[in-house]
Amino acid sequence: MRGASLLLAVGLLSGRAPYQCARSPDRSAREETPGEALYAVAQKLRAEGDEQGYRTTLHYLVDHYPSSRFAAAARLDLGGDAGASGAP
């Protein structure tokens, strides 16, 4: 009997719980693509003077996300070195 009363109380109280998704998602927010994030990391590394990290990150981007528009930019940044897989 006690279990049934507890279950009834939980059921009644759960109807008054706030909804988790009370508002619609923000449509103006967009998620960053992996290629975009890697390209941004590469640019940050270069700005900090880490040329090896910059080139390694660009190679990773080209190797793992070859169809990304950021891979095209990475190939341009790497110049003739874009074909070498991961080697800075």
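Visitor: Before we start, how should I read the numbering and the values?
Guide: Residues are numbered from 1 along each chain as its sequence is written, and side-chain values use heavy atoms, with hydrogens and water left out. Since the model is predicted, local features need pLDDT of at least 70 and side-chain atom pairs count only at pLDDT 80 or more, while totals for chains, interfaces and linings use all residues.

Visitor: What does the secondary structure of the protein chain come to?
Guide: Helices (H or I, at least four residues) and strands (E, at least two) are DSSP runs, numbered from the N terminus. Here there are four helices and zero strands, in the pattern α-α-α-α along the sequence.

Visitor: Which residues of H4 are buried?
Guide: Buried means under 20% relative accessible area, exposed over 50%, and partly exposed in between (1.4 Å probe, protein chains only). In H4, residues 69-78, the buried ones are Phe 70, Ala 71, Ala 74 and Leu 78. They fall within an arc of 100° seen down the helix axis, so they line one face of H4; the arc is that of the directions from the helix axis to the C-beta atoms. Arg 69 and Leu 76, on the other side of H4, are exposed.

Visitor: What covers the buried residues of H4?
Guide: Contact means heavy atoms within 4.5 Å. The cover includes helix H2 (34-47) and helix H3 (51-64).

Visitor: How do I describe the way H3 and H4 pack?
Guide: Two packed helices are described by the angle between their axes and the distance between the axes. Axes are lines fitted to C-alpha atoms, for helices over the stretch in contact, with angles from 0 to 180 degrees between N-to-C directions. The axes of H3 and H4 come within 9 Å and cross at roughly 135°. That makes H3 oblique to H4: angles under 35 degrees count as roughly parallel, over 145 as roughly antiparallel, 65 to 115 as roughly perpendicular and the rest as oblique. Residues making the contact include Tyr 54, Leu 58 and Leu 61 of H3, and Phe 70, Ala 74 and Leu 78 of H4.

Visitor: Why does Leu 61 count as buried?
Guide: Leu 61, found in helix H3, counts as buried because its relative accessibility is 0%. Leaving aside neighbours within four places in sequence, Leu 61 is in contact with Gly 35, Leu 38, Tyr 39, Pro 66, Phe 70, Ala 71 and Ala 74.
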